[in-house]
Amino acid sequence: MITPVDILLVDDRPENLAVLESILEGPEHRLTKAHSAQQALMSLITTDFALMVLDIQMPDTGGIELAQIIKSRRRTRDIPIIFLTAHYAEDEQVLSGYSAGAVDYLTKPVHPGVLKSKVAVFVELFRKTKALNEANRSLNRRNEELTAANLELEAFSYTVSHDLRAPLRHVSGYVEILRAHVADGLDEEARRCLDLIQKSAGKLGDLIDHFLAFARLGRADLKITAVDMNDQVRQVVADLQSETKDRRIDWRIATLPHVQADPDMIRQVWVNLLSNAVKYTRPRDPARIEIGCDVSKPKEYVFFVHDNGVGFNMRYADKLFGVFQRLHPEKDYEGTGIGLANVRRIVNRHGGRTMAEGALNGGATVSFTLKKVLGSNN
Amino acid sequence: MHTNQRKRILLVEDNLNDVELTVAVLKASGVAADVDVVNDGEEAINYLLRRGPFETRPEMNPTLVLLDLKMPRLGGVETLVEIKRDDRLKCLPVVMLTSSGETQDLRMCYRLGANGYVVKPVDAKEFTKAIRDLAAYWLGTNQPPPD
């Protein structure tokens, strides 16, 4: 069922009002009649009208004058008015002074079909505007809630991270005091236990640090400039020297395009992807790591890092980019499992996507897209 | 002149485990200084101005104030503000000693006049080294402000 909308009919002659009423009667309209400008203004205070039908010639305050009052008040300014005029030629100049859309006119005698269809247009407009305003209001409300929730989450992760660190420091500290205190009385098993406690505390510390850094990535502002991906890759490969110097790695690096991006963040993407490639090709001799970019798509670059390392089972591909998710036991490959989650977060913040393909013992390809022109869709 | 008096460190820290561990490291590192401990900012200000229960403490100001950030009542930042705006106290070296390495905390403390900022490491060996280095610099290398 449709909620009826309010329509105000203004005419000094009761028989005219009766005609209008008979034309517009129906379940979708709630009609209010006014015999004078005074009465009309009273009704406008209490009711939210979708439109008004107004006789231009009335004694005392005439129709034009009433319209001017209505249009000058903020609360009623947007109510559309259909003027009824007996002499259009005389009134034309006055009517053209009003902005189109908010005002319309009909010459008397009123043709029922024309009045009905004009009214229907304004009623429809009123309903749509009302729905839009409501949607806007609820969107604004949701937005405020989201902002508040984000702020709360930020405060929460800050507090948790720092409050978690203190007891951890105490565990580590007291283990050392205990070790010093009973040094000679410790057998091998006791020493092993203390080492494990110490190591676990350190590991939890790393997790907290990585979690904090990950949370920070989500809120840091992007500083977009031109980035030469060739420079970035060259630097990151050079920085991996200490891990690669005793290995045979066949680097195949294609010429890469320049992009618009946050250089520090994109550098982190390369650090994560290339150190992963170096790490997971450890059993290979020689290892092969290929870095390239597919520039053939119209709107985006697809960068990829392909290696001939231990790969992964595609069944778990969706886990790959999750926070603290790992696909290899820690005893074989170190790390907390935050690297690819950071990659995804950074790439998403630039409006791109991340993908991974691989096979167990068949190497892996991790790709990410960046828009060719920043700000365009896809 | 108080040249014959031992140097003092004022440690402002509400967590008793942190107090014990920090004092233990300072003692073990052979720093030639006494460590006085207060548990929040209000106590710290009372101590520094020799008010209330601290009226009878030795006259000499500490060589170094180690100030935790997160404390009940008067927190680290507020305490720093109080110290740096008091003419009698503002020359005292104040080093923040905290769990937080957040950029906003660092920036705020330096803007408000902190003389140093040390993030307490989780790992005991790193923690020991940090406290030792800190004490060696501020009680050895660094020349304190004259009385």
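Student: Which residue stands opposite A:V10 in β2(A)?

Tutor: In this predicted model, A:V10 faces A:A34 of β2(A). Strands here, like helices, are DSSP runs numbered from the N terminus (E, at least two residues, for a strand; H or I, at least four, for a helix).

Student: How do you know that β1 (residues 5-10) of chain A and β2(A) pair?

Tutor: Two strands pair if DSSP finds at least two bridges between them. β1(A) and β2(A) are joined by 6 bridges and run parallel, so by the rule of at least two bridges they pair.

Student: What order do the 5 strands of the open sheet in chain A have?

Tutor: The order is β2-β1-β3-β4-β5, with parallel pairing. What makes β2 (29-34) and β5 (103-107) of chain A edge strands is that each pairs on one side only. From one strand to the next, the twist averages 20 degrees.

Student: What does helix α1 (residues 14-24) of chain A touch on the sheet?

Tutor: It packs against β1, β2, β3 (49-55) and β4 (81-85) of chain A. Contact means heavy atoms within 4.5 Å. The direction of α1(A) makes about 175 degrees with that of β2(A); angles run from 0 to 180 degrees between N-to-C directions, and axes are lines fitted to C-alpha atoms, for helices over the stretch in contact.

Student: Why are α2(A) and α3(A) called roughly parallel?

Tutor: Helix α2 (residues 37-46) and helix α3 (residues 63-72) of chain A pack at about 20 degrees, their axes 10 Å apart. Angles under 35 degrees count as roughly parallel, over 145 as roughly antiparallel, 65 to 115 as roughly perpendicular and the rest as oblique. Therefore α2(A) and α3(A) are roughly parallel to each other.

Student: Which residues make that contact of α2(A) with α3(A)?

Tutor: A:A37, A:A40, A:L41 and A:L44 come from α2(A), and A:L66, A:I69 and A:I70 from α3(A). By class that gives 7 nonpolar, no polar and no charged residues. Ala, Val, Leu, Ile, Met, Phe, Trp, Tyr, Cys and Pro count as nonpolar, Asp, Glu, Lys and Arg as charged, and the others, Gly among them, as polar.

Student: What makes α5(A) oblique to α1(B)?

Tutor: Helix α5 (residues 112-181) of chain A and helix α1 (residues 16-28) of chain B pack at about 40 degrees, with axes 10 Å apart. That angle makes α5(A) oblique to α1(B).

Student: Is the crossing of α5(A) and α1(B) left-handed or right-handed?

Tutor: It's left-handed. That label applies if the near helix is turned anticlockwise from the far one by less than a right angle; clockwise would be right-handed. On the α5(A) side, A:A166, A:R169, A:H170, A:G173, A:Y174 and A:I177 meet B:N17, B:D18, B:E20 and B:L21 in α1(B). By class, this contact has 4 nonpolar, 3 polar and 3 charged residues.

Student: Which element of chain A has the lowest mean pLDDT?

Tutor: Helix α4 (residues 88-96) does, at 62, while strand β10 (residues 300-307) has the highest, 97. pLDDT is the predictor's confidence in each residue, from 0 to 100. For chain A the mean is 88, and 94% of its residues reach 70 or more.

Methods: Residues are numbered from 1 along each chain as its sequence is written. Chains are lettered from A and ligands numbered from 1 in the order in which they are written. This is a predicted model: local features need pLDDT of at least 70, side-chain atom pairs count only at pLDDT 80 or more; totals for chains, interfaces and linings use all residues. Side-chain values use heavy atoms; hydrogens and water are left out.
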